[in-house]
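Hi there,

Here is the structure I promised to pass on. Have a look at it first, and then read my notes below.

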Amino acid sequence: MTRWPLISDAWFDFLANVPESQHAGMMLFSDYATPDGNHFSAYGCHTFRWVNDKGEAVFVKVSQHAVRKG
């Protein structure tokens, strides 16, 4: 049987020691994407590799930013 403190320690060790997870951990524990009424921003967690007609590759991350009018 797995004990909860060990799972918790492993989770925070992962967030602290893996550079790719540090950004995800900061987003998880912040108000960065908290909705504000009908205005909210959306941030994708996947990175896509797009290739143009010349064969050049570009990495793309998709996000949607709220525009507040008035």
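A term to start with: buried means under 20% relative accessible area, exposed means over 50%, and partly exposed is in between, with a 1.4 Å probe and protein chains only. Please keep in mind that this is a predicted model, where local features need pLDDT of at least 70, side-chain atom pairs count only at pLDDT 80 or more, and totals for chains, interfaces and linings use all residues. Residues are numbered from 1 along each chain as its sequence is written, and side-chain values use heavy atoms, with hydrogens and water left out.

**The chain as a whole**

The chain has two helices and two strands, in the order α-α-β-β from the N terminus. Both kinds of element are DSSP runs numbered from the N terminus: helices are H or I with at least four residues, and strands are E with at least two. Of the 70 residues, 9% count as buried. The accessible surface is about 6500 Å², and carbon and sulfur atoms hold 59% of that; such areas come from the Shrake-Rupley method with a 1.4 Å probe, and for residues only the protein chains shown count as cover. Taking contact to mean heavy atoms within 4.5 Å, residues 24 or more positions apart make up 17% of the contacts with a separation of 6 or more.

**Where the helices meet**

S21 belongs to helix 2, residues 19–28, and counts as buried because its relative accessibility is 5%. A polar atom of the S21 side chain lies 2.7 Å from the backbone oxygen of V18. Beyond its neighbours within four places in sequence, S21 is in contact with F14 and L15.

L15 sits in helix 1, residues 4–17. With a relative accessible area of 12%, L15 is buried too. Leaving out neighbours within four places in sequence, its contacts are S21, Q22, G25 and F29. The C-alpha atoms of L15 and G25 are 6.1 Å apart, although 10 residues separate the two along the chain.

**The strands**

S63 is in strand 2. Its relative accessible area of 39% makes S63 partly exposed.

**The largest pocket**

The largest pocket has a volume of about 200 Å³. Of its 10 lining residues, H23, M27, Y43, G44 and C45 are the closest to the centre. Helix 2, strand 1 (42–51) and strand 2 (57–64) each supply at least two residues of the lining. A pocket here is an open set of points on a 1 Å grid over the protein atoms alone, where a 1.4 Å probe fits, with protein on both sides within 12 Å along at least five of seven lines; lining residues have an atom within 4 Å of a point. The volume is the space filled by probe spheres set on those points.

Best wishes

Key
A polar contact is a pair of N or O atoms within 3.5 Å; within protein, one must be able to donate a hydrogen and the other to accept it, and residues adjacent in sequence count only if both atoms are side-chain atoms.
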